[in-house]
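Reader: Could you walk me through this one slowly? I am new to reading structures.

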Amino acid sequence: MRAVSVEDLKPGMTLARTVTNDEMIVVLSENTLLTKAHITRLGFLNIPVVYVKDEYELSQNYLVATSIFNRSNAFVREYDGVVKSAKKIFEDTNKTGTVPVEETHTIIEKEVGPMAKNSGAIDYLYELNHLASDIYNHSLRVSILAGVIAKWMRFGPRKTQDIILAGFLHDIGKTKFSQRLLEKHVSKMTDEDYEAYIQHTVDGQHVLNALPDLSEGVKLAALQHHERMDGSGYPFGSSGQDIHEYARIVAVADIYDNITTEREGFVKETPFTAIAYITEHMFTTLDPGVCMPVLTHITDAFLGSKVMLNDGTKGIIAAYPKDYAGLPIISNEEEQLINLNDHPELKIVEYNPK
């Protein structure tokens with residue numbers, strides 16, 4: 001990796017680090033293959049220097065070396081392989097209007113299920129958070145997260161696999177979207193676009209209803225993953241136990257991925273923002289029966305990880321409060337403890353899995 005002045009950038013170079021502005025809004029994501037338009041944009045935003053991959057990082061020798069020494073590399077390789085299969089499934093559904101069931105069951109059983117059982121899955125998914133937020137990438141990540149949550153909730157293998165399938169197919173209704181709608185973020189949609197957007201839940205259930213071998217939970221997860229426990233969700237404002245358990249699990253996985261996935265033009269968030277959101281909403285819009293196991297296990301996974309705060313303070317995550325407070329306690333380089341719940345002005349802006 002080397003630092004290069006924006007004036008010296010050339011089309012075809014590959015970013016080695018995500019570029020953000022002073023407000024931590026993502027300008028360009030890591031691994032972006034730079035074009036002339038990208039370079040012009042960086043200059044217009046007065047960004048002086050970026051980091052690009054050097055020849056060694058792009059060489060086969062480097063790829064071999066990282067496969068040996070990078071603990072997440074095997075997971076990344078598995079992900080890269082299965083995402084190609086996921087993309088084909090969603091493309092075929094778009095063309096035919098029906099899900100290729102056999103292929104879907106195969107990747108869930110043979111590939112996605114084992115990834116969800118990986119003890120480092122949460123950390124590894126965060127390392128992949130610069131990937132595109134397209135339907136198949138998002139659906140694959142949600143399916144892995146849903147499987148992790150099912151494991152934390154101590155479900156048996158058959159039910160866990162069904163929940164993973166529910167996560168994978170929860171957004172299948174979006175295969176009916178126009179490309180224009182697919183490229184829009186929900187926060188920037190017009191009222192008309194938003195009405196079309198929320199229809200993906202109903203469309204998803206319609207697509208899955210034609211498949212008799214799928215469980216009712218999988219079908220209802222597609223319909224209800226945007227419903228909320230207090231009745232504030234859509235498409236029907238269902239609440240409480242009227243929302244299927246699978247949908248309540250997929251809702252948490254969906255929220256976690258949406259918050260932690262890097263998007264150009266939005267603030268770069270860490271898992272701690274997602275944890276704080278889940279903590280804040282677990283007795284209102286989200287199911288506490290899902291949230292509590294998530295918070296118990298996910299916070300344990302982050303203990304000892306290195307972080308940097310928005311004021312430049314570096315430290316490690318030393319503990320989490322016992323009262324389900326949303327933010328961790330940091331031990332800084334002077335070994336002083338900082339409870340972020342008592343300091344709303346402080347925020348974790350960089351996170352390195354231990």
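**Around threonine 32**

Author: Setting aside neighbours within four places in sequence, threonine 32 is in contact (heavy atoms within 4.5 Å) with Met13, Thr14, Leu15, His38 and Glu264. Before we go further, please keep in mind that this is a predicted model, in which local features need pLDDT of at least 70 and side-chain atom pairs count only at pLDDT 80 or more, while totals for chains, interfaces and linings use all residues. Residues are numbered from 1 along each chain as its sequence is written, and side-chain values use heavy atoms, with hydrogens and water left out.

Reader: Where is threonine 32 found?

Author: Threonine 32 sits in the loop between strand S3 (26-28) and helix H1 (36-44); helices (H or I, at least four residues) and strands (E, at least two) are DSSP runs, numbered from the N terminus.

Reader: And is threonine 32 buried or exposed?

Author: Threonine 32 counts as buried, because its relative accessibility is 12%, and buried means under 20% relative accessible area, exposed over 50% and partly exposed in between, using a 1.4 Å probe and protein chains only. The C-alpha atoms of threonine 32 and valine 83, which are 51 residues apart along the chain, are separated by 18 Å.

Reader: Ok, zooming out, how many helices and strands does the chain have?

Author: There are 13 helices and nine strands in the chain. Its radius of gyration is 21 Å, close to the 20 Å that the globule rule gives for 354 residues, so the chain is as compact as a globular protein of that length. That radius is taken over C-alpha atoms, and the globule rule is 2.2 Å times the number of residues to the power 0.38. Along its principal axes, the C-alpha trace spans about 55 × 50 × 45 Å.

Reader: How much of the chain is buried?

Author: Buried residues make up 51% of the 354 residues. As for contacts in the chain with a separation of 6 or more, 62% of them are between residues 24 or more positions apart.

Reader: What kind of peptide bond joins tyrosine 234 and proline 235?

Author: Tyrosine 234 and proline 235 are joined by a cis peptide bond, with omega about 15°, and proline 235 is in the loop between helix H10 (216-224) and H11.

Reader: Last one, which residue has a positive phi of about 60° although it is not a glycine?

Author: That is asparagine 46, which lies in the loop between H1 and strand S4 (49-52) and counts as exposed at 67% relative accessibility. Glutamate 335 also has a positive phi, of about 65°, without being a glycine; this glutamate is in the loop between strand S7 (329-332) and strand S8 (337-339).
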